[in-house]
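Here is a short briefing on one protein chain.

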Amino acid sequence: MNNLNAKQNLIKITSEALKRLKSLLNESEEDVKAIKLGVKNGGCAGMAYTMDYVEKISDSDEIVKIEDINIIIDNSAILFLLGTELDYEETKLNSGFVFNNPNQTDACGCGESVTLEQAEIPVELQNELNS
């Protein structure tokens with residue numbers, strides 16, 4: 001398994017999410033180099049997903065390049081986001097990114113916070129990330 005394939009296994013992005021990310025990056029007034037995904041403590045279920053613009057990429061950032069978009073996975077969130085699919089949905093009343101995460105065990109009623117368990121990282125992925 002090469003390094004690129006290993007890192008792309010960290011997260012999957014649907015075509016709808018990719019289209020929306022491209023649109024957001026094109027509309028941004030800042031010089032955005034990447035989108036950073038992570039988690040933070042908070043909310044009634046314990047954690048919440050984060051998504052931020054990144055104007056400067058650090059040497060320590062884990063970058064997953066999908067088409068022409070750089071996705072950075074926050075180092076402290078890798079085990080919480082491993083295997084996640086990022087989607088984008090539009091309904092009559094709501095639109096937004098959806099994290100379909102196999103490590104999510106619960107969510108609050110309003111959907112703003114979640115309970116996550118750390119995934120066990122596969123040995124081959126661990127070796128690729130450490131190289």
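The points below go from the whole chain to single residues.

This is a predicted model. The protein chain holds four helices and nine strands. Of its 131 residues, 40% count as buried.

**Overall make-up**
- From the N terminus on, the elements follow the order α-β-α-β-β-β-β-α-β-β-β-β-α.
- Take the contacts between residues at least 6 apart in sequence: 56% of them join residues at least 24 apart.
- The accessible surface is about 7900 Å². Carbon and sulfur atoms account for 44% of that surface.

**Nonpolar core**
- In soluble globular proteins, nonpolar side chains tend to be buried together.
- The largest nonpolar core here has 25 residues. Ile 13, Leu 37, Ile 71, Ile 73, Leu 81 and Leu 86 touch the most other members.
- Several elements supply at least two residues each to this core, including helix 2 (15-27), helix 3 (78-81), strand 1 (11-13) and strand 6 (84-90).
- Strand 2 (34-41), strand 3 (47-54), strand 4 (62-66) and strand 5 (69-73) also each supply at least two.
- Leu 86 has contacts beyond four places away in sequence. Among them are Ile 11, Ile 13, Ala 17, Leu 21, Leu 37, Met 51, Phe 97 and Phe 99. Lys 12 and Thr 14 are also touched by Leu 86.

**Strand pairing**
- Strand 2 and strand 3 run antiparallel, joined by eight bridges. Within this pair, Gly 38 stands opposite Thr 50 of strand 3.
- Strand 2 also pairs with strand 5, in the parallel sense, over three bridges. Here Lys 36 has Ile 72 of strand 5 as its bridge partner.

Key:
Residues are numbered from 1 along each chain as its sequence is written. This is a predicted model: local features need pLDDT of at least 70, side-chain atom pairs count only at pLDDT 80 or more; totals for chains, interfaces and linings use all residues. Side-chain values use heavy atoms; hydrogens and water are left out. Buried means under 20% relative accessible area, exposed over 50%, partly exposed in between (1.4 Å probe, protein chains only). Contact means heavy atoms within 4.5 Å. Accessible areas come from the Shrake-Rupley method with a 1.4 Å probe; for residues, only the protein chains shown count as cover. A nonpolar core is a set of buried Ala, Val, Leu, Ile, Met, Phe, Trp, Tyr and Cys residues joined through side-chain atoms within 4.5 Å. Two strands pair if DSSP finds at least two bridges between them.
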